[in-house]
Amino acid sequence: QVQLVESGGGLVQPGGSLRLSCTASRSIFSFRSMAWYRQAPGKERELVATITSGTRTDYADSVKGRFTISRDNAKNTMYLQMNSLKPEDTAVYYCRLVTTTLNNYWGQGTQVTVSS
């Protein structure tokens with residue numbers, strides 16, 4: 001079983017930046033995909049960004065040009081760099097790992113609040 005722990009959330013002003021981290025309890029060198037999701041109060045959980053084992057990335061239209069997903073295999077960590085943050089980005093952000101054996105793991109979430 002893989003444990004995922006998110007960190008880096010917090011309160012930031014509009015236009016500011018945050019970097020979220022998702023650290024796995026074991027190596028993420030072998031995986032199918034990793035992704036960041038977010039869920040705002042009263043809203044459905046939505047996919048924000050995805051990175052595959054081949055490092056291909058995909059982004060939701062709402063965050064293209066502002067967010068960057070990446071990973072560091074040596075640190076067993078995935079990142080979401082968030083720039084030019086907007087109040088609409090306020091949500092709980094979750095990381096997700098899908099292994100090569102198609103097991104699915106979720107982190108506990110980290111709160112991001114964008115407000116002046």
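## Surface and charge

The protein exposes about 6,200 Å², and 46% of that comes from carbon and sulfur atoms. Keep in mind that this is a predicted model.

On the charge side, there are 13 positive and 8 negative side chains. The centres of the two sets sit 6 Å apart.

## Overall build

There's not a helix to be found here: the count is zero helices and eleven strands. Walk along the sequence and you get the pattern β-β-β-β-β-β-β-β-β-β-β. The radius of gyration is 13 Å, close to the 13 Å that the globule rule gives for 116 residues, so the protein is as compact as a globular protein of that length. Along its principal axes, the C-alpha trace spans about 40 × 25 × 25 Å.

As for the inside, 42% of the 116 residues count as buried. Take the contacts with a separation of 6 or more: residues 24 or more positions apart account for 53% of them.

Strand 1 pairs with strand 3 (residues 18–24) in the antiparallel sense, over four bridges. Across that pairing, Glu-6 stands opposite Cys-22 in strand 3.

## A look at Leu-11

Leu-11 belongs to strand 2 (residues 10–12). Its relative accessible area is 67%, and the cut-off for exposed is over 50%, so Leu-11 counts as exposed.

Leaving out residues up to four places away in sequence, Leu-11 touches Thr-113 and Ser-115. Pro-41 is 30 residues from Leu-11 in sequence, and their C-alpha atoms are 16 Å apart in space.

## A look at Lys-86

Lys-86 lies in the loop between strand 8 (77–82) and strand 9 (91–98). With a relative accessibility of 38%, Lys-86 counts as partly exposed, because that class runs between the 20% and 50% cut-offs.

Setting aside residues up to four places away in sequence, Lys-86 touches Arg-66 and Val-114. Pro-14 is 72 residues from Lys-86 along the chain, yet the C-alpha atoms of the two are separated by 5.1 Å.

How values were computed: Residues numbered from 1 in each chain as written. Predicted model: local features only at pLDDT ≥ 70, side-chain atom pairs only at ≥ 80, totals over all residues. Heavy atoms only, no water. Pairing = 2+ DSSP bridges. Helix = DSSP H or I, 4+ residues; strand = E, 2+ residues; numbered from the N terminus. Rg over C-alpha atoms; globule rule 2.2 N^0.38 Å. Buried < 20%, exposed > 50% of the residue type's maximum accessible area, 1.4 Å probe, protein only. Contact = heavy atoms within 4.5 Å. Areas by Shrake-Rupley, 256 points an atom, 1.4 Å probe, with all protein chains shown as cover. Lys, Arg positive; Asp, Glu negative; His and termini not counted. Charge placed at Lys NZ, Arg CZ, Asp CG, Glu CD.
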